[in-house]
Amino acid sequence: MAGHTRGSGRPNQWLRNLNAKLASIPMILTAVVIFLGGTVWTVVYSFTNSKLLPRLSFVGLDQYERLWAAPRWLISVQNLVIYGFFSLIFSLVIGFLLAALMDQKIRFENTFRTIMLYPFALSFIVTGLVWQWLLNPEYGIQSVVRSLGWTSFAFDPLYNSNIVIYGILIAALWQGTGLVMCLMLAGLRGIDEDIWKAARVDGIPMWKTYLLVIIPMMRGVFITTLVIIASGIVKVYDLVVAQTSGGPGIASEVPAKYVYDYMFQAQNLGQGFAASTMMLVTVAIIIVPWAYLEFGGGRKRA
Amino acid sequence: MPEIVAFNAIAAGIEPEAEKDPVALSGPWGRKPRRALSPRNIIIYGTLIVVALYYLLPLYVMVMTSLKGMPEIRLGNIFAPPLEITFEPWAKAWSSACTGLNCDGLSRGFWNSVRITVPSTIVSIAIASVNGYALANWRFKGADLFFTILIVGAFIPYQVMIYPIVIVLRELGVYGSLTGLIIVHTIFGMPILTLLFRNYFAGLPEELFKAARVDGAGFWTIYFRIMLPMSMPIFVVAMILQVTGIWNDFLFGVVFTRPEYYPMTVQLNNIVNSVQGVKEYNVNMAATILTGAVPLIVYFVSGRLFVRGIAAGAVKG
Amino acid sequence: MENVSVSVKDLSLSFGAVTVLDTLNLDIKDGEFLVLLGSSGCGKSTLLNCIAGLLDVSEGQIFIKNKNVTWEEPKDRGIGMVFQSYALYPQMSVEKNLSFGLKVAKVEKAEIDKRVSRAAEILQIQPLLKRKPAELSGGQRQRVAIGRALVRDVDVFLFDEPLSNLDAKLRSELRVEIKRLHQSLKNTMIYVTHDQIEALTLADRIAVMKSGVIQQLADPMTIYNAPENLFVAGFIGSPSMNFFRGELQLRDERAFVHANGVDFDVSAYPSRGPFRDGQKVVLGVRPEHVRVDEALSRQLSHQAVVDIEEPMGADNLLWLKLAGQSMSVRIAGQRRYKPGTAVTLSFDMAVASIFDAVSENRL
């Protein structure tokens, strides 16, 4: 036999699998240049005093100090916390309850699901404008209830600085709960039918089965849903723009809007970069523990 | 399931036709009675119907308002059906509503959105599907690293990356143009689409890929002749995802295009929230419905696939 | 080296720190039917994929027809392959499935038609040519999959557990057909399976694999009757060989294995070398090499009690307790025993196996 004379020359390592590498160029560019490079770039420039144009003159933590001293930023953060907290709780609770209802082998399931999910197909702008109209104190829900005889009825969240963020929350829940319901329903459907049979044979009441058996089994679905809702919360922007433009005054400002306004309207890039870096930090605080739980900790998932 | 019934009867040691003993005859026998209006059903369906009405209410109000004239809106109640149906608000919203000095209606935004959505959808799906296929079947060293960065990147708030992209697009000379916006949609659609296609292709039997290689097919032949024809459902899911996602986008439209290229959502917002002039709520609602119509049609036509699409695309936020 | 069809030289494959194949050598003769047998994860499919060129090797070489194909593309190796899941292209008709590879290779239309109709004739799938794979039964699909290898007109056929997805009856039918195919085509065939019946019935030679290493490479009868080590002995045969751990004792020019307080006379055992007194060994006896209540001449008899009886029709399998250890014996189907019956056993040591307890190799 030919011994150690190798029949065909080993192809160049770089040229092997060349097509796959060519096909991945857009991904590599996006990942490295835009996602990684862009993020690093923004973080770096958040330490500069860039105004109209990005400039590399470092000013330490100045932008952050200014940011955390700005009333508008503080209100934005406060709004995000309130909005985030309630939208997480309500989405999960309402979404799960609806999914549990839908899972009772009901008729017209498809119709109900179609109705609950259609708002998710709409743009945040559309949702925001519809709810702006429904919550219009002169013509909307408030005026309708008043015309029924309850003349002191007050429901004008979009015109009341104290509760404006809840007005936005209502619209967000209208749009988003259908999706949570769908995810939860998929989770419920993924549970082995035999679990239900076993619980029935054992005589465990349905609500107890949900609470003690089903929900713990759906841990993964809950966590995934949580991450999906949470990363959506941080990005909330269009809805506020459409519904209130941040008003009344600055009462419904949110961080994403702060970033946009400082970058593209106030021409104060440094502030925009610092604020967006803070958003990044927030997301990291949500994502890193989840990623660790899901993919790290020695537990490999295919 | 007659076989199972028969089997159970045999397993219990009795013939289906065996005579019934007196004890069995006196107790409950046969089908358990079921009432359609049991308290449980009333609670379940009652709740579901109330919930459904809540979800439908805004759509109903939108349509009703858009069919009324302004005097009727000022007098009446937003839930009441129009006394006199008028399509004038629709016509105005489409062809003569004003944004700033421009008074040619939403139609311009509509056609802009079409010109943005169609190429963005095609380009992003073409790139992501080939890339997902490469990741699933033609792994190379380092591929997983780039893919991980891509997926982690999907969680980074867009605001963090917007300005660097502005710079890149400006350097490429496409900032403000439709091309620039198409590139942006391709970039931000890439994580979820690549994941979608990678997982789908990885879920296809690996032996099929091996068989094709033994048959001598290469990267592109396998993609076009074997994978593509088998993957139509996932392409439809990706299309639904992209069409609705890109059509509904607001932020990228406002950041990366000049006003003459503004997509429909941006123009809608400018029409409704413009401070000049008298508020014409009926026109606003007609415009809102028009903007929501495309994704709604996609939604109602595609049904189940849409659910699959958003379940996959929900990561996009 | 004439007559060698496929040759594997010092082949190693590792994924990171995990070694799947370890310096493996294997020569397969022209026209030979070689079966790679082992449980899942033993590396048998990995080895087949390396030969096919579907996996890149870490070390070593592969020759097919004396040509070094270590870095060749699968299509250039002169192989055809049949997969467990059939791997038929679902959107193509049977005919297109068969001709796809030839079209890719830009073979002339007339030649394609000729080869497809020949393969269809051999496999008797002419009526199915226009159908889609989804419209075929499992057995028909596997025929088409074999046909796809057939039209390639190659010297070496690779089978990756081709019958594992079929039900028992179909499996035995197709097994016979594959054997018939091999007898008429006389191609080299390499066949991966975890099913020992397939291995024993089909193979010219069997390579029993474990942890990426070939444990024994021999013809089926040798594998069954003279397993090279404890693993092969335990792996082949169902129910598995009875093992008695004990000590060799040489007395009065006779040899005994002393296990669980019982002496087994192994003087009749054809050992390869001289026995060593006091050596720790494992005695292995197949269930059908034990006689129940009929003494073999000059063999020591043993008392045992019937524990469970498993009548299988042609055979009757007895599970017995012998000196506290459970063992199985195969007897004729019509002979029945009630649990609790005391029986006398005698062992046919001429066909038994004895392994060193430490090295686990055959003595």
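Two strands pair if DSSP finds at least two bridges between them. Strands themselves are DSSP runs (E, at least two residues), as helices are (H or I, at least four residues), and both are numbered from the N terminus. This is a predicted model, in which local features need pLDDT of at least 70 and side-chain atom pairs count only at pLDDT 80 or more, while totals for chains, interfaces and linings use all residues. Residues are numbered from 1 along each chain as its sequence is written, and chains are lettered from A and ligands numbered from 1 in the order in which they are written.

In chain C, β15 and β19 (residues 342-347) run antiparallel and are joined by 3 bridges. C:R291 has C:S346, in β19(C), as its bridge partner. This pair of strands belongs to an open antiparallel sheet of 5 strands in chain C, ordered β15-β19-β16-β17-β18. At its edges lie β15 (290-292) and β18 (325-332) of chain C, each of which pairs on one side only.

Chain A has 14 helices and 0 strands. Its radius of gyration is 26 Å, well over the 19 Å that the globule rule gives for 302 residues, so chain A is more spread out than a compact globule. The radius is taken over C-alpha atoms, and the rule is 2.2 Å times the number of residues to the power 0.38. Along the principal axes, the C-alpha atoms of chain A fill a box of roughly 100 × 70 × 30 Å.
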